[in-house]
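This note sets out points to consider when the structure is examined for the first time. Please read it with the sequence and the model at hand.

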Amino acid sequence: MKENFYGAFQQTVVDNEIARHVEDISIKGFTIIRNLFSLEELFVWRRKIDDAYEKQEREYGRDALAEIQELDVCRALPLYDFDFINLAAHPRVLSVVSKILGEWFILNLQNAIINRPGTDHHQSSWHRDLPYQNYVITRPLAINALFAIDEFSPETGGTHVVPFTHKTEVLPSDAYIEGNRIVASAPAGSAIVFDSMLFHRAGSNRSKIIRRAVNHLYTTPILKQQYDFPRSLGNRPMDPVIARLLGYTSQVPMDDKVWRQARAEKLRTT
């Protein structure tokens with residue numbers, strides 16, 4: 001139904017799914033994109049997450065991970081299984097991200113979070129995904145996409161968010177948080193997409209299932225990646241769009257000579 005209004009102001013036009021998600025993120029700080037994966041695909045992603053984490057736990061050691069509060073965090077997933085890039089490049093998610101950040105953005109990080117029954121995850125503290133950056137800007141520098149590989153609900157420890165806090169420089173009072181936080185409930189196969197400055201935290205998993213998620217941080221290229229994907233992946237063949245997403249076209253040149261070589265190559269190909 002079309003709303004009536006009067007006064008000298010404009011109204012946002014929302015005429016498709018992408019515009020609706022962008023408006024949600026702009027105003028309340030987050031949105032939920034549903035039905036990204038089939039049940040069969042989710043089964044595969046669960047296995048891949050578990051396999052990658054088992055490799056990392058063997059490499060680093062369970063006790064060592066516990067000492068640095070890194071249990072059940074699986075980092076830099078494409079380095080363990082390049083298929084994870086298919087999550088990072090999901091077209092429905094990137095269509096929303098590009099409307100906010102523009103056409104040129106990079107994958108800053110891709111991590112899996114495993115929230116086991118009866119345990120508190122270290123992500124259960126309130127935080128922003130640009131930590132220690134406490135400022136407000138008119139246009140976002142970073143957007144998160146948290147893929148719910150298992151159901152997100154109050155019982156499974158779904159992510160708690162405080163809507164609109166991407167617009168405030170400081171963490172609100174305990175009373176305000178208690179009165180306004182919500183669980184971003186989402187069925188398995190969805191993505192919670194949010195402004196990276198939104199205050200959020202993991203919930204406590206009171207269910208009997210493992211709750212897995214894969215977090216993506218997309219940023220403008222002026223922000224340093226958490227992982228140097230180009231250097232760690234090397235010069236493997238890949239689609240140019242994926243190469244740009246992974247930061248291959250945003251690497252810091254070593255010196256003026258390398259910078260000019262890159263500029264010359266760019267001018268030759270454009």
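Where is the place of isoleucine 210? Isoleucine 210 is found in the loop between strand S8 (200-201) and S9; helices (H or I, at least four residues) and strands (E, at least two) are DSSP runs, numbered from the N terminus.

1. Basis of the note. This is a predicted model, in which local features need pLDDT of at least 70 and side-chain atom pairs count only at pLDDT 80 or more, while totals for chains, interfaces and linings use all residues. Residues are numbered from 1 along each chain as its sequence is written, and side-chain values use heavy atoms, with hydrogens and water left out.

2. Surroundings of isoleucine 210. With a relative accessibility of 25%, isoleucine 210 counts as partly exposed; buried means under 20% relative accessible area, exposed over 50% and partly exposed in between (1.4 Å probe, protein chains only). Not counting residues up to four places away in sequence, isoleucine 210 touches Ile114, Asn115, Arg116, Pro117, Asp150 and Asn205, where contact means heavy atoms within 4.5 Å. Isoleucine 114 is 96 residues from isoleucine 210 in sequence, yet their C-alpha atoms are 6.9 Å apart in space.

3. The chain as a whole. The protein chain has nine helices and nine strands. A compact globule of 270 residues would have a radius of gyration near 18 Å, and the 20 Å of the protein chain agrees with this; the radius is taken over C-alpha atoms, and the globule rule is 2.2 Å times the number of residues to the power 0.38. The C-alpha trace spans about 60 × 55 × 40 Å along its principal axes. Of the 270 residues, 44% count as buried. Among contacts with a separation of 6 or more, 82% are between residues 24 or more positions apart.

4. The six-stranded sheet. An open sheet is formed by six strands in the order S1-S7-S4-S9-S3-S2, with antiparallel pairing; two strands pair if DSSP finds at least two bridges between them. S1 and S2 stand at the edges with a single partner strand each, so one side of each has no neighbour in the sheet. Helix H5 (residues 91-101) packs on the sheet and touches S1, S4, S7 and strand S9 (211-219). The direction of H5 makes about 165° with that of S4; axes are lines fitted to C-alpha atoms, for helices over the stretch in contact, and angles run from 0 to 180 degrees between N-to-C directions.

5. Strand S4. Seven of the seven residues of S4 are buried, so this strand is largely enclosed by the rest of the structure. In a regular strand the side chains alternate between the two faces of the sheet. In S4, Ala142, Asn144, Leu146 and Ala148 point one way, and Ile143, Ala145 and Phe147 the other. S4 is joined to strand S7 (residues 190-195) by six bridges and to S9 by seven, and it runs antiparallel to S7 and to S9. Leucine 146 stands opposite isoleucine 192 in S7. Phenylalanine 147 faces alanine 191 in S7 and valine 214 in S9.

6. Aromatic pairs. How many aromatic pairs does the structure hold? There are four; rings of Phe, Tyr and Trp (its six-membered ring) pair if their centres lie within 6.5 Å, and planes under 30 degrees apart count as stacked, over 60 as edge-to-face and the rest as tilted. One of the pairs is phenylalanine 37 with phenylalanine 147, which is tilted, at 5.9 Å centre to centre and 45° between the planes. Phenylalanine 37 lies in the loop between strand S1 (30-33) and helix H2 (39-60) and phenylalanine 147 in strand S4 (residues 142-148), so the pair ties together parts 110 residues apart in sequence. Phenylalanine 37 is buried, with a relative accessible area of 13%, and phenylalanine 147 is buried at 0%.

7. Charges over rings. The charged end of arginine 211 sits over the ring of phenylalanine 152, 4.2 Å from its centre; this description requires NZ of Lys or CZ of Arg within 6 Å of the ring centre and within 35 degrees of the ring normal. Arginine 236 has its charged end over the ring of phenylalanine 82, 4.1 Å from the ring centre.

8. The three-stranded sheet. Three strands form an open sheet in the order S6-S5-S8, with antiparallel pairing. Strand S5 (residues 160-161) is joined to S6 by two bridges, and the bridge partner of valine 161 in S6 is isoleucine 182.
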